[in-house]
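Subject: Structure handover

Hello,

Here is the structure you will be taking over. My notes on what was found in it follow below.

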Amino acid sequence: MSIENLTVNKAFGGWHKQYSHLSTVLNCSMRFAIYLPPQAANGDKVPVLYWLSGLTCSDENMMQKAGAQRIAAELGIAIVAPDTSPRGDDVANDEAYDLGQGAGFYVNATQAPWSSHYQMYDYVLKELPELIEANFPVTNKRAISGHSMGGHGALTIAMLNPERYCSMSAFSPINNPINCPWGQKAFTAYLGKDQATWQKHDASVLMRQATAFIPALVDQGEADDFLQEQLRPETLQAAALASSYPLEIRMQEGYDHSYYFIASFIEDHLRFHATYLNK
């Protein structure tokens with residue numbers, strides 16, 4: 001699969017690069033960013049943290065705002081950040097910010113007009129890692145993390161595929177989308193009205209039912225405007241207690257939903273993942 005390099009920036013001895021490629025899964029051109037630490041430039045293969053961003057975001061939010069490159073360079077971890085949805089003139093969209101382009105929710109859509117392009121679950125799980133592992137000096141040891149909608153994606157994709165990931169984490173994830181407005185709107189559009197099909201994409205449901213465990217870390221700001229209505233961290237905590245899931249969930253006083261919050265704790269998350277990626 002051919003890829004086109006769009007931008008290159010040196011950072012902390014490594015390289016941040018943006019690429020575009022034609023996705024056969026999403027049936028459109030897609031963009032992703034990768035940070036390769038200095039160890040990769042020396043010929044060593046390094047493990048990968050996949051980062052899934054939230055509503056309205058793209059690959060640029062993580063790479064430009066989180067300040068993750070310094071610690072990734074120290075730890076020898078590559079970071080890959082895909083876009084949050086398919087995009088293009090022929091890709092279905094909606095006027096609202098929480099549906100359509102920029103709001104793929106990391107599921108495989110089954111409903112028209114979304115199903116022809118919105119297959120973000122398969123893209124993140126299969127196509128993108130295959131592309132990364134074929135074109136860059138990385139191993140097949142993977143961790144996954146994300147923010148808000150991307151936190152939902154990271155947790156659900158990892159729990160549905162525990163053999164593929166060493167660890168998972170999230171900032172301010174949508175923990176119980178079947179019971180919040182963002183999730184109900186997106187799942188109705190992408191997956192249809194049968195709510196039984198929604199449950200496989202709900203982190204709280206999956207964690208309560210889990211029998212295969214992945215180390216998990218979740219940070220949530222107590223001053224987050226979306227805390228009660230949309231994010232519902234108490235449901236994930238209850239699910240972890242019910243199944244004895246190895247989850248650490250931390251409520252951070254004064255922090256909101258922004259990348260200021262993520263930048264404040266991204267080092268903790270990278271060091272958490274390094275513990276398992278480097279085993």
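Thr56 is placed in the loop between β4 (46-52) and α2 (59-65); helices (H or I, at least four residues) and strands (E, at least two) are DSSP runs, numbered from the N terminus. This is a predicted model, in which local features need pLDDT of at least 70 and side-chain atom pairs count only at pLDDT 80 or more, while totals for chains, interfaces and linings use all residues. Residues are numbered from 1 along each chain as its sequence is written, and side-chain values use heavy atoms, with hydrogens and water left out.

Thr56 is not a glycine, yet its phi is positive, near 70°. Thr56 counts as exposed because its relative accessibility is 55% (buried is under 20% relative accessible area, exposed over 50%, partly exposed in between; 1.4 Å probe, protein chains only). Ser148, also other than glycine, has a positive phi near 60° and sits in the loop between β6 (138-146) and α5 (149-160). Ser148 has a relative accessible area of 3%, so Ser148 is buried.

Next, the pocket. The largest pocket holds about 190 Å³ of space. A pocket here is an open set of points on a 1 Å grid over the protein atoms alone, where a 1.4 Å probe fits, with protein on both sides within 12 Å along at least five of seven lines; lining residues have an atom within 4 Å of a point. Grid points are joined across faces, edges and corners, and the volume is the space filled by probe spheres set on the points. This pocket is lined by 14 residues, and Leu55, Thr56, Cys57, His147 and His257 are the closest to its centre.

Last, Ala112 and Pro113 are joined by a cis peptide bond, with omega about 0°. Pro113 lies in the loop between β5 (78-82) and α4.

Regards
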